[in-house]
Amino acid sequence: MSDDKDELMEVEDQDKIGISDYSKKGYQLLKENKTTEAIVCFKKILETDGNNNYALVGIGDAYRKQGGFRDAVDYYKRCLGHHPGNNYALFGLADCYKALNKFHLAIEIWEEYLKYDDKNITVLTRVADAYRKVRDYKCSKEVYMRVLDMEDRNPYAIIGLGHLHYDFKEYRDALAYWEKMLEYNEERVDIRVLTSIGNCHRKLKTFSGGIQYFEMALQREPHNFYALFGLADCYRGLNQQHRSLEYWNRILEQDPRNKMILTRAGDAYGTIKDFDRAIEYYQRALNIEFDTHAVLGLSIIAKAQGRYGEAIESLKRLIQQDIRNHRLYLELAECLLKKGDKRQAVEVLEEFQRQGIRNNAVNEMMDKLKG
């Protein structure tokens, strides 16, 4: 800290050095991540030359490094007001808009940048990413492909194309791009590529195929949430609930108040008919805050244990809070049937259908009840 103070005093005392020296000093401080001192240095230049492009961009870069994106935007805009084609100001401004989730503005600025440097791969991949964020599939894919035409193994474009196809539920295409990354460099591939490949298999319900990739990710990071979650969910999909519980509980060791994982573990215990443990996990979730899934789980256990009246009351309360959830109506109808009240079961399903929602499971149950 004392060295930084000495540096700052040194900058402030050097009144006699010129603009060029202040500029060099400021950018050197930026490289060393001494952003506050760099700002002092660049502001010295502005005292002499209020529109100096190096100083305005330098201050913008310093604020951007600090995460002060709105302050950075002001300086980049000020620079562009006097120097409209300044590439560094355009790049910095677009990056700030991206960080502020103003993707349309970021695209507009990056497109302006590309007028001066249309072969800049870094900018092109950023533009493609921004188009993906605003769900412009066509433009995003076109820009990613432009990058691959220039550099056919560019990792940012290949990974981006994977995310683009995944976002639009084209899981097989996403898988093909992410597997390319693995093929090119398995040893150094980003762990997020491994979990993304695993997630494609989850979406495609090829659960066995996903397991190996989540296991590869866990070998690198034994506590990685996405790998643990992926393995638990794959084993759940394969109906191997004992194996899924191993990974749900490993997540809970790190994050014991994760409500979603508590309810998933409760479901798994319920499926293997360990009702006491299932109730314990659902109650732990409800002790954090109200959770529809946990109450539904407790209702299903009550039904399984023959406590139909308790389950019916609970399900009726849930329906009042979530009237479009078809699962609640199905469970309630089943409980009523167990009590021998077929007429009320039919009425419950008709109540759901009157909302104009088509659901195959509800329709099939209704057809069965009406013979």
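Predicted model: local features only at pLDDT ≥ 70, side-chain atom pairs only at ≥ 80, totals over all residues.
Among the elements that cover the buried residues of helix H12 are H10, H11, H13 and helix H14 (225-237).

**Helix H12**

- H12 is mostly covered, since 11 of its 14 residues are buried.
- The buried residues of H12 include Ile191, Val193, Leu194, Thr195 and Ser196, and the list also holds Gly198, Asn199, His201 and Arg202.
- From its first C-alpha to its last, H12 reaches 20 Å, which is close to the 20 Å expected for its 14 residues at 1.5 Å a residue.

**Helix H11**

- Helix H11 takes in residues 171-184, and its 14 residues should span 20 Å at 1.5 Å a residue, which agrees with the 20 Å between its end C-alpha atoms.
- Buried in H11 are Tyr171, Ala174, Leu175, Tyr177, Trp178, Met181 and Leu182.
- Among the elements covering the buried residues of H11 are helix H9 (137-150), helix H10 (155-167), helix H12 (191-204) and helix H13 (207-220).

**The largest pocket**

- The largest pocket has a volume of about 660 Å³, and 27 residues line it.
- Of these lining residues, Pro155, Tyr156, Ile159, Asp190 and Arg192 lie nearest the centre of the pocket.
- Helix H8 (121-133), H10, H11 and H12 each supply at least two residues of this lining, and H8 gives the most, with 7 residues.
- Sorted by class, the lining of the largest pocket has 11 nonpolar, 7 polar and 9 charged residues.

**The second largest pocket**

- The second largest pocket holds about 380 Å³ of space.
- It is lined by 18 residues, and those closest to its centre are Asp267, Thr271, Tyr282, Ile300 and Arg327.
- Helix H16 (259-271), helix H17 (275-288) and helix H18 (292-304) are the elements that give two or more residues to the lining of the second largest pocket.
- By class, the lining of the second largest pocket has 7 nonpolar, 6 polar and 5 charged residues.

**A buried alanine, Ala62**

- Ala62 is placed in helix H4, which takes in residues 53-66.
- Ala62 counts as buried because its relative accessible area is 0%, and buried means under 20%.
- Leaving aside residues up to four places away in sequence, Ala62 touches Leu30, Thr35 and Ile39.
- Between Ala62 and Asn51 there are 11 residues of separation in sequence and 17 Å in space, taken from C-alpha to C-alpha.

**Two lysines with positive phi**

- Most residues other than glycine have a negative phi.
- Lys169, however, has a phi near 65°, a positive value in a residue other than glycine, and Lys169 is found in the loop between H10 and H11.
- Lys169 counts as exposed because its relative accessibility is 62%, and exposed means over 50%.
- Lys205 likewise has a positive phi, near 65°, and Lys205 lies in the loop between H12 and H13.
- With a relative accessibility of 61%, Lys205 also counts as exposed.

Terms used
Residues numbered from 1 in each chain as written. Heavy atoms only, no water. Helix = DSSP H or I, 4+ residues; strand = E, 2+ residues; numbered from the N terminus. Expected span 1.5 Å × (residues − 1). Buried < 20%, exposed > 50% of the residue type's maximum accessible area, 1.4 Å probe, protein only. Contact = heavy atoms within 4.5 Å. 1 Å grid on protein atoms, 1.4 Å probe; cavity = no way out; pocket = protein on both sides within 12 Å on 5 of 7 lines; lining within 4 Å. Points joined across faces, edges and corners; volume = space filled by probe spheres on them. Nonpolar A, V, L, I, M, F, W, Y, C, P; charged D, E, K, R; others polar.
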